[in-house]
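Please read the points below alongside the sequence and the coordinates.

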Amino acid sequence: LVRSGLTLLSFSRPVTTFLSQSKPLRKTILATSGLVTLTSILGQGTTTSTTSCTARKMSYTTEIETGYLNAVNAYDLDVELMSQPGFSLEQLMELAGLAVAEAVYQVLPPSSAAESKPRILLICGPGNNGGDGLVAARHLVFFGYECVIMYPKQSKKQHFINLVRQCEDVGVTFVDEFPDANEYDAIVDSIFGFSFKGAPREPFKTALEKMQEAQKNKPEFPIISVDVPSGWNVDEGDVAKTGFVPSVLISLTAPKESARSFPGRHFVGGRFLPPALAEKYGVQMPPYPGVSQVMEITKPKPEGKDSSWEAEYAAYLEEKGAKEKEEQAAVSDKAEKTWKQEYHDYCVEKEARLAEEDARKRAAEKESS
């Protein structure tokens, strides 16, 4: 059994069964086929062995709608989080890094029967996205992983210096160059965030190429991007044509516009967004389960149906539903305005009638006196 969010996958050897909760189809995106590593769990949820098998060709359905942020709104929302509610950058980075670590745990849970811990390579950039990766590495060590961080352009800010020291204190190793990907079980891309513009430059350009090479050599190799796949335009996606497409995306606070076209597994993390700010920016947190800081908002579907017409029909239903909502909102708004106008007219008419009655009453009293 492999459990992730609201999705339940049940496998035997060979793979014969796929089970998942049924939800209305919102959006279907075709994902590439490849290999998937399965964890066999027996008895009281104790992991006893791992095996690899060829995965079916999967498509992914957006199961939970959270809304999307463009680059300007993402920046403004961060500013408001640190000004109105008063979050500090350190607080937000700690919460984001914890969410990233939880997403890695769901994608690649450690096996108690394995002879060694899963090895995670984290590629960290010089900005806040890289800081999220540093925090994630520290948490991952306590989750049962061995972490190595490629951090070639280290920030001189004190908080980042502290994060490096905290990682070193728990045994995290730092390197300046991209190591052999074959020595790792997964890579976390924590290079560029939503403020990135232009084309990737060295040494991160080579890092992106190395990650793509790892994907080609081993299609099932998990590459997990933090907030936005590095090198992508936050609003338009891979406009620089890097060709880099991670297998997993962990969006922080809310998905960015470029995530609309993302074809892999998609998580949302950052369980701290105040409702008023969420409403202002047209987004919402997913219904996080229990005490989790992260939630997968996509679910996989097995091959077996014509995904091309499914995707087309899903897009049609989504567009139709959006138009119906807009029409209903317009009708409701018009009805509310009509009701208010009718009540206003009634009040004016009533006041005029009462005033007329008072005038007649006073005239009658004057004549009688």
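Arg-260 forms a salt bridge with Glu-257, with the closest N and O atoms 2.6 Å apart; a salt bridge here is a side-chain nitrogen of Lys or Arg within 4 Å of a carboxyl oxygen of Asp or Glu. The model is predicted, so local features need pLDDT of at least 70 and side-chain atom pairs count only at pLDDT 80 or more, whereas totals for chains, interfaces and linings use all residues. Residues are numbered from 1 along each chain as its sequence is written, and side-chain values use heavy atoms, with hydrogens and water left out.

**Salt bridges**

- By the stated rule, the count comes to ten salt bridges.
- Side chains of opposite charge can pair when their charged atoms come close.
- Arg-260 is partly exposed at 40% relative accessibility, and Glu-257 is partly exposed with a relative accessible area of 22%; buried means under 20% relative accessible area, exposed means over 50%, and partly exposed lies in between (1.4 Å probe, protein chains only).
- Arg-119 forms a salt bridge with Glu-146, the closest N and O atoms lying 3.2 Å apart.
- This pair links distant parts of the chain, 27 residues apart: Arg-119 belongs to strand 7 (residues 119-124) and Glu-146 to strand 8 (residues 146-150). Strands (E, at least two residues) and helices (H or I, at least four) are DSSP runs, numbered from the N terminus.
- Arg-119 also forms a salt bridge with Glu-183, for which the closest N and O atoms are 3.9 Å apart.
- Arg-119 counts as partly exposed at 21% relative accessibility, as do Glu-146 at 38% and Glu-183 at 44%.

**Second largest pocket**

- Rolling a probe the size of a water molecule over the atoms shows where empty space is left.
- The second largest pocket has a volume of about 570 Å³. On a 1 Å grid over the protein atoms alone, a pocket is an open set of points where a 1.4 Å probe fits, with protein on both sides within 12 Å along at least five of seven lines; lining residues have an atom within 4 Å of a point. The volume is the space filled by probe spheres set on the points, which are joined across faces, edges and corners.
- Of the 27 residues that line this pocket, the closest to its centre are Asp-78, Asn-128, Asn-129, Asp-132 and Phe-194.
- Helix 1 (71-83), helix 2 and helix 3 (128-143) are the elements that give two or more residues to the lining.
- Helix 1 supplies the largest share of that lining, six residues.

- Helix 2 (residues 89-107) has 19 residues and reaches 27 Å from its first C-alpha to its last, close to the 27 Å expected at 1.5 Å a residue; the expected span is 1.5 Å times one less than the number of residues.
- The buried residues of helix 2 include Leu-92, Met-93, Glu-102 and Gln-106.
- Helix 3 has 16 residues, which should span 22 Å at 1.5 Å a residue; its end C-alpha atoms are 23 Å apart, which agrees.
- Because 13 of its 16 residues are buried, helix 3 is largely enclosed by the rest of the structure.
- Just after helix 3, Gly-144 takes a positive phi of about 110°.

**Backbone and loops**

- Most residues other than glycine have a negative phi.
- Lys-241 has a positive phi near 55° and lies in the loop between strand 11 (223-226) and strand 12 (248-252). Lys-241 is exposed, with a relative accessible area of 72%.
- Thr-253 also has a positive phi, of about 70°, and is found in the loop between strand 12 and strand 13 (265-269). Thr-253 is buried, with a relative accessible area of 9%.
- Pro-246 is found in the loop between strand 11 and strand 12 and counts as buried at 3% relative accessibility.
- Pro-246 and Asp-189 are 57 residues apart in sequence and 8.4 Å apart in space, C-alpha to C-alpha.
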